[in-house]
Amino acid sequence: LQWGSSVAQAAQRRGLCRRGSHAGVATAAMTIAALGSAALRDLAARQQNGAAADVLEVLRAAAAEKGVGLDAEALPAALDAQLSALPSSQRAAFCIPKKRTMPTDPKVANLDDDSVYLVGNSLGLQPRKTREYVNAELDSWSELGVNGHFSGRKTEWLAIDELVMDGTAAVVGALPSEVANMNSLTMNLHLLLISFYRPEGSRTKILYEADAFGSDFFAFESQVRLHGLDPAEALVPVKARGGSDETLRTEDIVKAIKEAGDSLAVVCFGTVQYYTGQYFDVEAITAAAHSVGAAAIWDCAHAVGNVDLKLHDWGVDGACWCSYKYLNAGPGGIGGFFVHEKHHGKKLNLLAGWWGQKKSTRFNMSHIWQPEEGASAWRLSNPPVLQTVSLLASLELFGKSSMAELRGRSLLLTGYLELLLQQGPLAEFPDMLSILTPSEPRARGCQLSIKFATSKGSEETFAGLERRGIVVDHRKPNVIRVAPAPLYSTFMDVFLFVRALGEALRETGEAPPAKRAKA
């Protein structure tokens, strides 16, 4: 696969030619058979450098090769036939719910078909190995009792979280010593704030996105109050410009950081915004925070397992995440935690517990604090065994590929979703819906958020999708989130969703009368 000359690539990176201007040269000779693991990794790397047009060119070249339009069913079938053989596609290793187990209407859908599951942003699917791994530990408990701590099925329970440390580090772009699996997301965010939010003198403020997830905001607010400060003065929300500009611009965030200056103690954002699907420029925002002496903390709930994170290389101070979304560890799965190695051994304030004590002395029951090295020092209690092996079942699937390859696959899936929406429902119902998520591929993960003109329209459309066995989610007041998770979603899933969306839209009370009659 030839992506163009190295000279052209270097020129584009330096801004000496129009972005994507040689993408047609790069993809004109591409065949579907050339879409292998290396091509997906290369696509992800080029996208990160700003070659936004590449994703569209790949899809258009594939359609041209098949001699069909982008909206023809033959195209997703051909793409799935090629890409399903790659390690970044692990669909066969997951349990796909049938439509009959969903609130599906047999008048409009075949109950024996797989559901179209595009809601990994809320809860990932169950890996087939999960039941086996959980049952094995239940067997250990029934057969060994307390001795399972020293001789479990997978490993002794005392060291069970060591099984997921390397896999977790690989997914978030960290050193194994920088990660821990423990607690839940908001608890871990509080632990990070205990260490990095140390208001002193004029440096008392936390800068965050105005539309942050509610639990994050409650953590900020309560931490400020714990220090005897007024949230109205210590919390600095950054808002979008408004109007047609509904997502935040990096330059506006950086400007807000610079303006706050040495009053800032912490900058904390969600890496991928839960509502809009915007993927923030972590590296640039982290650098801006550091330039004014503030710590940069990131909530990676909607990013981990979704985009190719580089927490270590980007210099992020701390991060936390849940594991039940794209990491597929099950409802209420164990949380994730990251502290950069530059902070290890620096005696940061932390809440201590016995599982943060050195493994060699933990059971001496001494009252002398001898912490583990790295992020493990922040652990409080022994890890939940069943949750840990549930995470292991998923991380083993991630380990068959790389986040770079998964990101390349994701770019194509979501790019295809956007193209079909633009050619179909958005063109047919321009006054009813729009895409809230940024169109720039590097500024989003796999999720697209579809915004409706009214909450009634979004609710009726969501109900119509449910009737057809389409599993997405509705966020008040008027957004439907659609997330083709790259590890198991297919191009045919995307095709079937868009077709069902058109049908559901025509049924709504807000569709033009002629379209309702046609439906």
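Guide: First the terms: on a 1 Å grid over the protein atoms alone, a cavity is a set of points where a 1.4 Å probe fits but cannot get out, and a pocket is an open set with protein on both sides within 12 Å along at least five of seven lines; lining residues have an atom within 4 Å of a point. Grid points are joined across faces, edges and corners, and a volume is the space filled by probe spheres set on the points. This is a predicted model, in which local features need pLDDT of at least 70 and side-chain atom pairs count only at pLDDT 80 or more, while totals for chains, interfaces and linings use all residues. Residues are numbered from 1 along each chain as its sequence is written, and side-chain values use heavy atoms, with hydrogens and water left out.

Visitor: How many cavities of 30 Å³ or more does the search find?

Guide: One, with the whole structure searched. The volume of the largest cavity is about 30 Å³.

Visitor: Which residues line the largest cavity?

Guide: G305, Y326, N328, F398, A485, P486, L487 and Y488. By class that is six nonpolar, two polar and no charged residues. The classes are nonpolar for Ala, Val, Leu, Ile, Met, Phe, Trp, Tyr, Cys and Pro, charged for Asp, Glu, Lys and Arg, and polar for the others, Gly among them.

Visitor: N328, is that buried or exposed?

Guide: N328 is buried, at a relative accessible area of 2%. Buried means under 20% relative accessible area, exposed over 50%, partly exposed in between (1.4 Å probe, protein chains only). N328 also has a positive phi, near 60 degrees, and is not a glycine. Its place is the loop between strand 9 (318–321) and strand 10 (336–339); helices (H or I, at least four residues) and strands (E, at least two) are DSSP runs, numbered from the N terminus.

Visitor: And what about the phi of M365?

Guide: M365 has a positive phi of about 60 degrees and is not a glycine either. M365 is in the loop between strand 10 and helix 14 (385–398), and with 53% relative accessibility it counts as exposed. Most residues other than glycine have a negative phi, and most peptide bonds are trans.

Visitor: Which peptide bond is cis?

Guide: The bond from K476 to P477, with omega near 5 degrees. P477 sits in the loop between strand 14 (473–475) and strand 15 (479–482).

Visitor: Back to space. How much is in the largest pocket?

Guide: About 620 Å³. It is lined by 25 residues, and those closest to its centre are T250, Q278, Y279, R442 and A443. Helix 12 (250–260) and helix 13 (282–291) are the elements that give two or more residues to the lining. The lining has nine nonpolar, seven polar and nine charged residues.

Visitor: Next, T104. What does T104 touch?

Guide: Leaving out residues up to four places away in sequence, T104 touches K99, A109, L111, E466, R467, R468 and G469, where contact means heavy atoms within 4.5 Å. T104 is buried, with 13% relative accessible area, and is found in the loop between strand 1 (94–95) and strand 2 (116–117).

Visitor: Where is pLDDT under 50?

Guide: Over residues 1–28. pLDDT is the predictor's confidence in each residue, from 0 to 100. The protein averages 92, and 92% of the residues score at least 70.
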